[in-house]
Amino acid sequence: MGKTFKMVTLVGTSDKSYEAAIESALGDAARTLRGLNWFEVVEMRGRTEGGKVAEYQVKIQVGLKVESE
C-alpha cells in the first residue's frame, strides 16, 4: 500500500548561513509537527544591512507522512 504525505511551507532564518536557516525551520517544526519525513529547498534569499549579509532566509517544503488509523 502506498504512503500519503502532506506538504507544509516553512521559512527559516539565520544570521549565520542557509544551512543554519534550514536547521532552524526544521527544528522549530519538529517541536509541533509529527511525521516530518523530508524537505525540499524552494527558494533562497536574504536581507542586507550596510552592504553585508544580515540574514539568510530559506523557503522549504516539508513532507509529513499522513498517519493512518
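Student: Is S14 buried or exposed?

Tutor: Buried means under 20% relative accessible area, exposed means over 50%, and partly exposed lies in between (1.4 Å probe, protein chains only). S14 has a relative accessible area of 11%, so S14 is buried. Note that this is a predicted model: local features need pLDDT of at least 70, side-chain atom pairs count only at pLDDT 80 or more, and totals for chains, interfaces and linings use all residues. Residues are numbered from 1 along each chain as its sequence is written, and side-chain values use heavy atoms, with hydrogens and water left out.

Student: Where is S14 placed, and which residues is S14 in contact with, leaving aside its neighbours within four places in sequence?

Tutor: S14 sits in strand β1. Helices (H or I, at least four residues) and strands (E, at least two) are DSSP runs, numbered from the N terminus. Contact means heavy atoms within 4.5 Å. Leaving aside neighbours within four places in sequence, S14 is in contact with A20, A21, E55 and Y56.

Student: What does the side chain of S14 reach at 2.9 Å?

Tutor: A polar contact is a pair of N or O atoms within 3.5 Å; within protein, one must be able to donate a hydrogen and the other to accept it, and residues adjacent in sequence count only if both atoms are side-chain atoms. Here the side chain of S14 reaches the backbone nitrogen of K16 at 2.9 Å.

Student: What about E55?

Tutor: E55 belongs to strand β3. Its side chain makes a polar contact with the side chain of Q57 (2.8 Å). Not counting residues up to four places away in sequence, E55 touches T13, S14, D15, R45, G46 and R47.

Student: In what order do the strands form the sheet?

Tutor: Strands of a sheet pair through backbone hydrogen bonds, either parallel or antiparallel. Two strands count as paired if DSSP finds at least two bridges between them. In this model, three strands form an open sheet in the order β1-β3-β2, with antiparallel pairing. β1 and β2 stand at the edges with a single partner strand each, so one side of each has no neighbour in the sheet. From one strand to the next, the twist averages 15°.

Student: How many bridges join β1 to β3?

Tutor: 10 bridges join these antiparallel strands. As an example, V11 has K59 in β3 as its bridge partner.

Student: How does α1 run relative to β3?

Tutor: Axes are lines fitted to C-alpha atoms, for helices over the stretch in contact, and angles run from 0 to 180 degrees between N-to-C directions. α1 lies across β1, β2 and β3, at about 45° to β3.

Student: How many aromatic pairs does the rule give?

Tutor: Rings of Phe, Tyr and Trp (its six-membered ring) pair if their centres lie within 6.5 Å; planes under 30 degrees apart count as stacked, over 60 as edge-to-face and the rest as tilted. The count is two aromatic pairs. F5 and W38 are edge-to-face, at 6.4 Å centre to centre with 65° between the planes. This pair links F5 in strand β1 (residues 5–14) to W38 in strand β2 (residues 36–49), 33 residues apart. F5 is partly exposed at 32% relative accessibility.

Student: Why is the pair of Y18 and Y56 edge-to-face?

Tutor: Their ring centres are 4.9 Å apart and their planes stand at 75°, so the pair is edge-to-face. Y18 lies in helix α1 (residues 18–30) and Y56 in strand β3 (residues 52–65), so the pair ties together parts 38 residues apart in sequence.
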